[in-house]
Amino acid sequence: MRRYITRQLLQLVVVVFGISVLAFAILHVLGDPVLLLLPQNAGKEEFERYRHLLGLDRPLYVQYWKFVSRAVLGDFGKSWYADTPAFALVIERMPPTIYLTFAGLVVALLISLPLGILAALKRHSWLDTLCTAVAVAGQAAPLFWLGIMMIIVFSVRLRLLPASGYGTWQNFLMPAFCLGAALAPITMRLVRSGVIEVLNMEFIKTARAKGLAEPTVVIKHAFRNVCIPVVTVLGLQFGQLLGGAIITETVFAWPGVATLTVEAIRNQDFPVVQCAVILLALLIVAVNLVVDVIVGLIDPRIHAA
Amino acid sequence: MATTAPTKVELAGLGEARVEMPGGGQATLRRLLRLRWGLGAAGILLLIVAAAALAPWIAPHDPLAVNIRHRLAPPAWMDGGSAENVLGTDQVGRDLLSRMIYGGRVSLVAGVVAVLMSATIGVLLGLGAGYFSGRIDWTIMTLVNVMLTFPFVLLALAVIAVLGPSLVNMIIVLGVAGWPIYARTVRAETLAIREREFVLAGRALGMSHLRIVFRQIVPNLVSVIVVIATLQVAQVIVLESFLSFLGLGIQPPTPAWGNMLGEGRVYMLNSWWIATFPGLAIFLTTLVINLMGNALRDWLDPHLKL
Amino acid sequence: MARAATLASVLLLALALLTPADVLAQTKDDTLVYALQSDVQNWDPPNSVLRESIILGYNVFDHLAARDLKTGKVGPSLAVSWKNIDDTTWEVKLRKDVKFHDGTPFGAKDVKATFDRVLNPENKLTARGNHAKIKSIEVVDDLTARFKTDGPYPLFVERLTAQVMQSEKVIREKGHEWMQENPVGTGPYKLVKWSKKQEHLLVRNDDYWGPKPAFKYVRIRIIPEQATQIAELISGGVDIIKAVPPDQMDVINKSGLARTATSPILRTAFIQLDQAGRSGPNPFQDRRVRQAANLAVDVDSIIKHVLNGLGDRVATTVNPMAFGFDPGLKPYKQDIAQAKKLLAEAGFPNGLEVGFLRTQPTVEPGLIQTSDAIVADLAKAGIRTKARMVGEVGPFTNLVRDGKADPMFEWSWGYYSIFDTDAILFDVMTCNQPYSVYCNKVLDDMVIQGRSTLDPKRRTEIYAKAQKLIYDDAAYLFKWGLRGVWGISSRIDYEAPRDEVDRMWAVTPRKK
């Protein structure tokens, strides 16, 4: 177990390093902050002066080191527009994104677990076919389109739910459902194939042979073994989930990191973009780590090692 | 991917090496059924592609021609609609049908070019990682892990932020960001094929690495790559439309389904057609590509887990 | 299995902990919800050029003088009276027993501190241009202040409506940085909480010297998407929205939950053409190209078909409601052939391509659609635009201020709600002003002359000459005087304000 965690942590360090390089490369190498900061008719001299001022005339590795040593302390510079540290802006917007992501995850599980298990138990029945069809269609429906439709139906026509905003539980319903519905198809397919695989395993056949009731077999024996692939996949999907949250947030004017990032891009507010990208990536890494540990806990094979 | 096509013998050999799934007869029936679905989907897709390719000849109007005297005209079958603009006109009086046709062109081109880019990068890196293993493998797979950590959308947003929104930039972003899935799959397959007799034999005969990789391994990967690429095209189209919807992708007045949907959003409650048709187009295209991808998978390689 | 159960309960617990709680006990009945498309950059109105800042400022701060919307006249507010002692001296008597939100009494020292801060060029406050004619302020006694002006200053009283009164104690003790996020005013509402780019919560100032607002709380929500704003309004989530696209008015009026109101507003819309070359050398430095642009666009059709008539065609940037407007000047008429000819003469026989900086319609109804139509008309004459979109209005104005806009950019000017030609000419048409890309010494002289002349008739003549010059020189691409379009919930009574300042304290619940 310890070796397992050590290995995961080691990988984490490498991944975090990679993210920092990627973020640095995107914003420092591809883009030229000076061009964006100076008026378009600025002279060459002023241009050079600014480059020097920002340290852009120094070697890349020096710039990278400066960037990282500041970033570690949470210093990503000030937002070019809001006159506030970028870090503070992003951190303030983090909780809504995290809540939304978790709510979406819960919805996805609520949809996909029962349907996936049912589809697996009644393989090749009309229910199974229907689930597959819905899953294929669901994967094709653009998330933002679904969101707009939900606003029209539930807010404008039925006046049941708030069209946007944040703060009450009603605000959560549509975004969470929208996000969950996007993740549900793929999760359902995985649950289905996971359950089918487990049901074909020897010990289940034994349990059945012993004459245990079917629900007992499914819940007591199959469920735990299904959990492992599902949890692993959810960990992998977390990045996608967060990506989906970005889309959902913009549709429902959800005050999370994603809306902040999109605004910052539209305003070319690079410190904020950079900070948001890095913090989101770190969040994903952290979740993946947690998932790995959970898998380690529930998977007897790793536990034993 | 323009290498030699797989020979029948090799494909057959690939199939043999795998374990048969249980539930034989019924599964075959299902496969046939899905194939039919796939064929139907391919037919629709062909129509969409043809419309996009022939846009200048079949579009009834110039997609950029503004006519403010005739704005927000409803589709032909509604009250106030006319045959002149079958799907109606948008907020500045441009013909919606023409914009849909041209918009499809942009979406499909973006999707296909981006996928070709990411497939090329991904396959090459995957081959390198799988074939040479060791340090190269470690480096490439670390890179893959880093990339997979970044949500696709996030990466695309970050790059667009720097490069600025435009069609070319967006294709580059989508192309560069999409490769890890190919790399991971190709690596795993390469690892397996590398140890097979015909490869070992080739090596014993003193074939060069390049020859082994492109003559013996790649042909066996074609089906996997084609399946992933097909499914990825759908993903990329959705992502492209989302970026354009946000105003970070293809810039107006160039029509693209995504930016049409974005511009038409405010009209959802009265002139619903402006946003609805592009939305349907995205949905339909993604759906048929997914169906076709699934059918392709069943046909080429039923055991592929994607 | 037990472990799985533990796991599940841990997850549930985590979720429960993460659920946000509502802070204040507001009810729907005592809360008014107002939507803005774009947030302010600070809570320090003199340090902002945004309309949103002016609106928020009015609700939390007071001004020395205020406009009565019914009569259109400027009357007392924190000042109870004013008089001209001589041509260059004004004496202002202040209201008794007014307190700032922090409890300190308001007096002449606050007036002096406020203006001293604004006028100090080192502070670089946007409002300085508004008051540049004031030379010094003198405290006569607690409730009397005396202003010395640089020559005669006819706009003195009018301009008092555009300056919020801030506290001397706060300026001295807390300083500029603190003031950016912490407004201490004397106004009808106090700021409780500002979640940037999300929401402002205001609570009624129960010690207010004037009439008490009907609603105890005001929530100001930032909703960038117009589609979302409209959806919120007609589903009862928001009470007032503004800059509604004219072609969406029927959606609101048919909803049964809300209605629209329109009013001509003191705001002119135009497209600035970089005659001064602030963005670098560009074709618009040639007058013929600017004229061609004006001749290319069929503005009348755009007003009629895209805005459903909700716009008043103007010949220049001067608004029909402003003092000094010359109704005799006839606007440009579309003439593509002439436009092409002028372009060819200017050296562009095959037309030209030029950058166009655009933004979201925060104050201008139908901005996107009308600009699309303008772009199409320009292309007909050979002026092909390459659009750049900056979503938020704050960063957009910063680009303009810093000389980083494109040679063409969208602009509209609300005169700081001062009904006078000077309030636009000085700020957006004279040399070296932050938001002006036009520079012409002849016009500058006229503007100086106009703001230093007391006789109204003489001023009108000066401004008529100035407008002729602006028109002949095709300074900018002229559009129209705006009509504001508000969406208003049926549960409240509210009248569209023509000075574009939404006064939350004037909103009342509709009688059932």
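Four strands of chain C form an open sheet in the order β4-β5-β7-β6, with antiparallel pairing. The model is predicted; local features need pLDDT of at least 70, side-chain atom pairs count only at pLDDT 80 or more, and totals for chains, interfaces and linings use all residues. Residues are numbered from 1 along each chain as its sequence is written, while chains are lettered from A and ligands numbered from 1 in the order in which they are written. Helices (H or I, at least four residues) and strands (E, at least two) are DSSP runs, numbered from the N terminus. Two strands pair if DSSP finds at least two bridges between them.

The edges of the sheet are β4 (79-86) and β6 (134-141) of chain C. Each has a single partner strand, so one side of each is left without a neighbour in the sheet. From one strand to the next, the twist averages 20 degrees. Strands β4(C) and β5(C) (residues 89-94) run antiparallel and are joined by six bridges. Asp86(C) has Thr89(C), in β5(C), as its bridge partner. Strands of a sheet pair through backbone hydrogen bonds, either parallel or antiparallel.

Helix α3 (residues 108-119) of chain C lies across β5, β6 and β7 (144-149) of chain C. The helix runs at about 165 degrees to β6(C). Here axes are lines fitted to C-alpha atoms, for helices over the stretch in contact, and angles run from 0 to 180 degrees between N-to-C directions. Residues are in contact if their C-beta atoms, placed from the backbone, lie within 7 Å.

The contact between chains C and B takes 18 residues from chain C and 15 residues from chain B. On the chain C side, the elements that give two or more residues are α8 (226-234), α9 (249-254), α11 (299-306), α13 (367-381) and β15 (383-390). The residues of this side divide into ten nonpolar, five polar and three charged. Ala, Val, Leu, Ile, Met, Phe, Trp, Tyr, Cys and Pro count as nonpolar, Asp, Glu, Lys and Arg as charged, and the others, Gly among them, as polar.

Backbone features were also located in loops. Leu72(B) is not a glycine, yet has a positive phi of about 55 degrees. Leu72(B) lies between α3 (55-58) and α4 (96-132) of chain B. Leu72(B) counts as buried because it has 21 C-beta neighbours inside 10 Å; the cut-offs are 20 or more other C-beta atoms within 10 Å for buried, 12 or fewer for exposed, and partly exposed in between, with C-beta atoms placed from the backbone. Glu500(C), also not a glycine, has a positive phi of about 65 degrees. Glu500(C) is buried, with 22 other C-beta atoms within 10 Å.

Terms used: Contact = placed C-beta atoms within 7 Å.
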